[in-house]
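Q: I would like a close look at one part of this model. Please take the helix packing piece by piece, then turn to the ligand.

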Amino acid sequence: MSVGTGSLLTVEGVVAGYGAAEQILKGTSLRVEAGEIVSIIGPNGAGKSTLLKTIAGLVAAREGAIMLNGADVTAEGALGRARHGIGFVPQERNVFGAMTVAENLDISGFQEPARVRERSEALYARYPMLAAKRRALARTLSGGQRQILAMAMGLMNAPTLLLLDEPTAGLSPKAAEELFEAIMVLNRGGLPILMVEQHALEALEISTRGYVLVAGSNSREGAGPALAADPEIRRLFLGG
Ligand SMILES: Nc1ncnc2c1ncn2[C@@H]1O[C@H](COP(=O)(O)OP(=O)(O)O)[C@@H](O)[C@H]1O
Ligand SMILES: [Mg+2]
């Protein structure tokens, strides 16, 4: 397999896992092009979060390669990946509950401390709810508000690719819809997004392309809406 050229992100045959246990990712590949929203869907335990953590540099790739904007970042840690433009919003514990909204944003702008003020003000303008809650402790936010804060934290370093791990998990249908809308607005502004979603069909509908990950291996791949309309995918994710 050749490592893709010209793609924003190329993941090529990545093998990764935790400690001495069996590998979780067993040769996973994907790519994200400029301007895309790409969704990764798949059953619980398939390795979706592990894949995002491996792209973010929090889990080491034991085989394979990760290329960002033409640079091989496979050997870089999480800070190096952030410097190369990766913003990562984890699935769990993605805000500091005992800190205020403002503190959460401020500490997230660690790449360029001199620009924290300007970037947080831009985010308050974009998400007025955060401005209204800036002195509130993050643990007092609703689920939907917390996910907006987590996403805003991921934007504080002005990433060139945003990774979102189950941004709508646990949200009401209305809050989930609002979050998908916020994700689409970000993408229309030019930010490429790679997300993992449990709301598989809804995510595919708004995605340029999607990947189905099963047991650490690529299963299906295609245009988002086409995958969402695929009978096999619908059976898998709607149980119908
Ligand atoms: N920190 C960890 N240490 C050991 N095993 C883990 C860890 N995180 C996840 N796993 C295991 O890796 C597998 C894939 O998990 P994960 O990537 O979270 O799947 P998904 O996000 O698709 O539900 C699961 O079997 C899970 O138990
Ligand atoms: Mg997960």
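At what angle do helix 3 and helix 6 pack, and how far apart are their axes?

A: This is a predicted model. Two packed helices are described by the angle between their axes and by the distance between those axes. Helix 3 covers residues 101-108 and helix 6 covers residues 143-155. Their packing angle is about 25°, and the axes are 8 Å apart. Angles under 35 degrees count as roughly parallel, so helix 3 and helix 6 are roughly parallel to each other. Their crossing is right-handed. From helix 3, the contact uses Val101, Asn104, Leu105 and Ser108. From helix 6, Leu149, Ala152 and Met153 take part. By class, the contact of helix 3 with helix 6 has five nonpolar residues, two polar ones and no charged ones.

Next, the other partner of helix 6 described here. Helix 7 spans residues 173-188. The axes of helix 6 and helix 7 come within 10 Å and cross at roughly 20°. That angle makes helix 6 roughly parallel to helix 7. This crossing, too, is right-handed. Helix 6 brings Gly144, Gln147, Ile148, Met151 and Leu155 to the contact. Helix 7 brings Ala175, Leu179, Ala182, Ile183 and Leu186. The contact of helix 6 with helix 7 counts eight nonpolar residues and two polar ones, with no charged residue.

Now back to helix 3, and its packing on helix 4. Helix 4 runs over residues 116-126. Helix 3 and helix 4 pack at about 130°, with axes 9 Å apart. Helix 3 and helix 4 are therefore oblique to each other. Helix 3 passes helix 4 in a right-handed crossing. On helix 3, the contact residues are Val101, Ala102, Leu105 and Asp106. On helix 4, they are Val116, Ser120, Leu123 and Tyr124. The contact of helix 3 with helix 4 divides into six nonpolar residues, one polar and one charged.

Last, the ligand. Tyr18, Ile24, Pro43, Asn44, Gly45, Ala46, Gly47, Lys48, Ser49 and Thr50 are the residues around ligand 1. A polar backbone atom of glycine 47 is 3.0 Å from an oxygen atom of ligand 1. For serine 49, a backbone N or O atom lies 2.9 Å from a ligand 1 oxygen. Threonine 50 uses its side chain: a polar atom there lies 2.6 Å from an oxygen atom of ligand 1.

Methods
Residues numbered from 1 in each chain as written. Chains lettered and ligands numbered in written order. Predicted model: local features only at pLDDT ≥ 70, side-chain atom pairs only at ≥ 80, totals over all residues. Heavy atoms only, no water. Axes fitted to C-alpha atoms, helices over the stretch in contact; angles between N-to-C directions. Helix = DSSP H or I, 4+ residues; strand = E, 2+ residues; numbered from the N terminus. Parallel < 35°, antiparallel > 145°, perpendicular 65-115°, else oblique. Left-handed = near helix turned anticlockwise from the far one by under 90°. Contact = heavy atoms within 4.5 Å. Nonpolar A, V, L, I, M, F, W, Y, C, P; charged D, E, K, R; others polar. Near = heavy atom within 4 Å. Polar contact = N/O pair within 3.5 Å; in protein donor to acceptor, adjacent residues only side chain to side chain.
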